[in-house]
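Please read this briefing alongside the sequence and the 3D structure. The points below are grouped by topic.

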Number of protein chains: 2
Amino acid sequence: MGLEAPHCLFQGLLADTAQRKLCESCRVKGLSICGGFAVDHAEELAGITQRVSCTAGSTLFTEGDQADYFYTVTNGVVQFSKYLLSGRRQILGFLLKGDFLGLAVQDQYSYTAEATTNCNLCQFNKKQFERLMSTYPTLEHTLFNAVSNELMEVENRMVALGHQLAEKRLAAFLTWYWDRMQYLSPTSETSVTLPMTRRDIADYLCLSIEAVSRAFTKLRTQNIIALGDPHNVRILNLEKLQDLAES
Amino acid sequence: MGLEAPHCLFQGLLADTAQRKLCESCRVKGLSICGGFAVDHAEELAGITQRVSCTAGSTLFTEGDQADYFYTVTNGVVQFSKYLLSGRRQILGFLLKGDFLGLAVQDQYSYTAEATTNCNLCQFNKKQFERLMSTYPTLEHTLFNAVSNELMEVENRMVALGHQLAEKRLAAFLTWYWDRMQYLSPTSETSVTLPMTRRDIADYLCLSIEAVSRAFTKLRTQNIIALGDPHNVRILNLEKLQDLAES
DNA sequence: CGCCGGTTTGATTAAAGTCAAACGATGTGG
DNA sequence: CCACATCGTTTGACTTTAATCAAACCGGCG
């Protein structure tokens, strides 16, 4: 499912050569798993790749679905999350340009993936991707590193969620997002556009919407950030924000 | 370091043939990464393996140490954790017989590993192990699956820690430990011996010692468990305990 | 016996959740 | 063009949960 879902546009399988051209000129090559691999094996990778577009709010796949595809994000933001029996949602992560979607997946997806913004992805057939992995150990090695990094990040986040105040969790989230954005497109601008809602941030930080809102207000009254509209954050004191996040 | 640490007994490198015999007869083979691999490549694995003993409370390695070794636990319980600036500790996991220690490690260890009980481990030289991985992709594949599983588990645990009451977290911990023990040595006994202290459990569940103790009392007054001494838990109503853990 | 560490229990406090209301931007229909 | 409804956000009042501080308890050991 996922691609057949109402708001999800599926651009269809391109001819291999056309797809290869796309891969060759892809701007996220240096960021994603394709990077080192695609150089040597462009055709094989292009052969199992198709490009996919998703509109903000649409679902790529749902926890429990048959896991037929892996993805890399080429544009926009994707969130993946688990829903609890209580109806609560835990967002496990936000994926940006170059990130791989499909780690820690077995036969079924163990989480739901939704488009936070309109976004583009490269879709790989899982079976074919796995065949490619067993043929080219470098590819599996790359992915192995990706899982390892993800594991480290989740472990760090767990520590933060368990022991830090709302204000610090928000500070950590803002600096994380700021850093990622700076890495993807460096700028001297100090304002960040947060594509996600307060609810999304709350579900990511294990807080209520109200607690997130109050944390924003707290940072604002300390002149660490300024808020235009809720999605537009100006960082007035990056150092203080980072200190808060790390302490 | 680690092996030179005060309470850590190091049994020394065995002759390759002796080590191979040990590996061949090893009771955790079926559980650990050695399993499928050691059958075909016993000598290579034995060649980089040495057996290590650790007394309860001793430190195998500390976060930030040069990461020179990987391990598998052959006996006893090992915990790995991160220490915060505030002095607080977050235990990331307990490792039992067959578990691999050293996932998500780069040049330096990203966590501290301590012996919860007296324990035995197989120690692999990291560099040699990595060379073995690049020679035999099956080995990397096995480890890849291990990291993936670990990632899934941590993600599940994060959800629980973020949203569940102390009582439920404890119930989840007890059922997890019960299940693992049942898997390792099935028995019709309904009592579990917890090798870790209340502080350890607290640091694992992101709670205070007092909160853990109160959670135990709550389960006791509901006749779900009975406590002999603090380390001896009789499960009176497994179903209820599991329900509580899952809800 | 008294000390000591780990554990339990009690009283108080702090943080975040919940419920409720107000706010502000956006979009629709009269 | 304005009244109105809507959705996401903010703010306030109150409640719940677990942290903190403090004291009692218990078993082992010198």
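**Two helices of chain A**

α5(A) and α7(A) are roughly perpendicular to each other, a label used for angles of 65 to 115 degrees (under 35 is roughly parallel, over 145 roughly antiparallel, and the rest oblique). This is a predicted model, in which local features need pLDDT of at least 70, side-chain atom pairs count only at pLDDT 80 or more, and totals for chains, interfaces and linings use all residues. Residues are numbered from 1 along each chain as its sequence is written, while chains are lettered from A and ligands numbered from 1 in the order in which they are written.

- The axes of α5 (residues 166–184) and α7 of chain A come within 9 Å and cross at roughly 80 degrees. Axes are lines fitted to C-alpha atoms, for helices over the stretch in contact, and angles run from 0 to 180 degrees between N-to-C directions.
- Helices (H or I, at least four residues) and strands (E, at least two) are DSSP runs, numbered from the N terminus.
- From α5(A), the residues in the contact are A:Ala166, A:Glu167, A:Leu170 and A:Ala171. From α7(A), they are A:Ala211, A:Val212, A:Ala215, A:Phe216, A:Lys218 and A:Leu219. Two residues are in contact if their C-beta atoms, placed from the backbone, lie within 7 Å.
- The contact of α5(A) with α7(A) has 8 nonpolar residues, no polar ones and 2 charged ones. Ala, Val, Leu, Ile, Met, Phe, Trp, Tyr, Cys and Pro count as nonpolar, Asp, Glu, Lys and Arg as charged, and the others, Gly among them, as polar.

**Helix packing in chain B**

- α6 (residues 166–184) and α8 of chain B pack at about 80 degrees, with their axes 9 Å apart. α6(B) and α8(B) are therefore roughly perpendicular.
- In this contact, B:Ala166, B:Glu167, B:Leu170 and B:Ala171 of α6(B) meet residues of α8(B), including B:Phe216 and B:Lys218. By class, there are 8 nonpolar, no polar and 2 charged residues in the contact of α6(B) with α8(B).
- α7(B) and α8(B) pack at an angle of about 100 degrees, and their axes are 8 Å apart. This pair is therefore also classed as roughly perpendicular.
- On the α7(B) side of that contact are B:Arg198, B:Arg199, B:Ile201, B:Ala202 and B:Leu205. They meet B:Ile209, B:Ala211, B:Val212 and B:Ser213 in α8(B). The residues of this contact divide into 6 nonpolar, 1 polar and 2 charged.

**The DNA strands**

- DNA strand C has 17 residues around it, of which A:Ser208, A:Ala211, B:Arg198, B:Ser213 and B:Thr217 come nearest. A residue is near a molecule or strand if its C-beta atom, placed from the backbone, lies within 6 Å of it.
- α7 (209–221) of chain A, with α7 (198–205) and α8 (209–221) of chain B, are the elements giving two or more residues to the surface near DNA strand C. The largest share, 6 residues, comes from α8(B).
- The surface near DNA strand C has 8 nonpolar, 4 polar and 5 charged residues.
- DNA strand D is also surrounded by 17 residues, and the closest are A:Arg198, A:Ser213, A:Thr217, B:Ser208 and B:Ala211.
- At least two residues each of the surface near DNA strand D come from α6 (198–205) and α7 of chain A and from α8 of chain B. α7(A) supplies the largest share, 6 residues.
- The surface near DNA strand D divides into 8 nonpolar, 4 polar and 5 charged residues.

**Domains of chain A**

- Chain A is divided into domain 1 (8–158) and domain 2 (164–246), with bounds from an automatic or database domain assignment.
- The C-alpha centres of the two domains of chain A lie 26 Å apart.
- In their contact, 11 residues of domain 1 of chain A touch 7 residues of domain 2 of chain A.
- On the domain 1 side, β5 (78–83) and β6 (89–95) are the elements that give two or more residues. β6(A) gives the most, with 4 residues.
- That side of domain 1 has 4 nonpolar, 5 polar and 2 charged residues.

**Contact between chains A and B**

- Chain A and chain B each bring 27 residues to their contact.
- On the chain A side, β6 and α4 (137–163) are the elements that give two or more residues. α4(A) gives the most, with 16 residues.
- The side of chain A that touches chain B has 15 nonpolar, 7 polar and 5 charged residues.

**Confidence**

- Chain A averages a pLDDT of 90, and 91% of the residues score at least 70. pLDDT is the predictor's confidence in each residue, from 0 to 100.
- Over residues 1–12 of chain A, pLDDT stays under 50.
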